[in-house]
Amino acid sequence: MVQKTLTTALAVSLFAGAANAATVGSFTFDDNAFADNATIALTVGGTLGPAASPASAADGDLSTASNLNNSFVEIFFTDNILFNGAGDDLVIFGGTNNNVIRLSAAADPNAPWIQGTNNFVPVGAPGNTSGFSLNGASFDLSDLGFADGAEVTGGLFLSRGGVFTTVWDVAALNSKDIPTTTTPVPLPAGLPLLLGGLGGLALLRRRSKPEH
């Protein structure tokens with residue numbers, strides 16, 4: 001079983017006016033559920049060259065897109081965590097007139113990959129700001145060997161299943177916030193002794209006070 005937990009640091013704002021949720025077609029996401037960055041991880045070769053505008057595949061903006069061309073593009077979640085929960089776990093929005101999008105856990109042409117379940121998002125559907133009809137391909141991380149509950153912030157790779165595969169954005173269906181923790185601030189080394197001494201003086205003062 002493969003289980004990955006990677007961290008990076010980059011934040012992105014999503015749809016203007018979305019306080020708690022974002023809707024695209026039939027999908028509803030948490031307001032920080034979109035992937036935050038995407039970079040070329042491996043160029044496979046061929047005549048098309050590396051992916052064009054890879055960051056546009058994961059910027060929370062459905063009006064911009066990336067052409068995958070002959071490369072693996074790694075996606076990152078940085079202000080939230082994608083996890084393997086019930087049902088499908090993430091959606092990749094691609095053009096309906098393009099070839100399939102493959103998802104793998106390694107930037108390797110020979111690595112096992114999966115294709116998502118197609119979901120049509122027409123022009124004018126809620127949240128579809130691309131100006132085009134989209135295919136929202138939904139994926140289950142279990143099909144890539146991730147354990148139930150596995151957390152992922154990076155290490156997922158998109159590759160094209162044909163020529164001119166375009167990705168408009170990636171969003172987590174199963175998403176949670178990165179936990180914030182507080183670290184107790186230690187007391188200065190001499191402070192406990194000082195407090196103990198003051199307490200002892202107060203006790204002696206009470207005992208030495210004359211009775212009336």
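This report describes selected features of a predicted model, moving from its confidence to its strands, its charged side chains and a few single residues.

## Confidence of the model

Averaged over the protein chain, the pLDDT is 81, and 75% of the residues reach a score of at least 70. In residues 1-19, however, the pLDDT falls below 50, although in the model this stretch has 50 contacts beyond near neighbours in sequence.

Strands of a sheet pair through backbone hydrogen bonds, and they may do so in a parallel or an antiparallel manner. Strand β1, made of residues 21-24, and strand β2, made of residues 27-30, run antiparallel and are joined by four bridges. Within this pairing, V24 has F27 of β2 as its bridge partner. The hairpin of β1 and β2 has two residues between the strands, and here G25 takes a positive phi near 60 degrees.

A further group of strands forms an open sheet of three, in the order β12-β6-β15, with antiparallel pairing. In this sheet β12 and β15 are the edge strands, since each of them pairs on one side only. Two bridges join β6 to β15, and one of the residues involved is L82, whose bridge partner in β15 is S175.

## One salt bridge

Side chains of opposite charge can pair when their charged atoms come close. A search of the whole structure finds one salt bridge, and the residues that form it are K176 and E151, whose closest N and O atoms are 2.7 Å apart. This pair links distant parts of the chain, with K176 in strand β15 (residues 175-176) and E151 in strand β12 (residues 151-152), 25 residues apart.

## A buried charge without a salt bridge

D89 is found in the loop between β6 (81-83) and β7 (90-95). This residue is buried and yet has no salt bridge, and the nearest side chain of opposite charge, that of K176, is 11 Å away. When neighbours within four places in sequence are left aside, the residues in contact with D89 include L82, F83, F139, D140, L173 and N174.

## Two residues with positive phi

Most residues other than glycine have a negative phi. In this model S53 is a residue other than glycine with a positive phi, near 50 degrees, and S53 is found in the loop between β3 (37-43) and β4 (66-67). N69 also has a positive phi near 50 degrees and is not a glycine, and N69 lies in the loop between β4 and β5 (71-76).

Are these two residues buried or exposed, or something in between? S53 has a relative accessibility of 45% and therefore counts as partly exposed, whereas N69, at 9%, counts as buried.

## The surroundings of S159

S159 lies in strand β13, which covers residues 156-160, and its relative accessibility of 9% means that S159 counts as buried, the cut-off being under 20%. Not counting residues up to four places away in sequence, S159 touches L68, S71, F72, V100, I101 and R102. S159 and A51 are 108 residues apart in sequence, while their C-alpha atoms are 9.5 Å apart in space.

Note on methods:
Residues numbered from 1 in each chain as written. Predicted model: local features only at pLDDT ≥ 70, side-chain atom pairs only at ≥ 80, totals over all residues. Heavy atoms only, no water. Salt bridge = Lys/Arg side-chain N within 4 Å of Asp/Glu carboxyl O. Buried < 20%, exposed > 50% of the residue type's maximum accessible area, 1.4 Å probe, protein only. Lys, Arg positive; Asp, Glu negative; His and termini not counted. Contact = heavy atoms within 4.5 Å. Pairing = 2+ DSSP bridges. pLDDT = per-residue confidence, 0-100.
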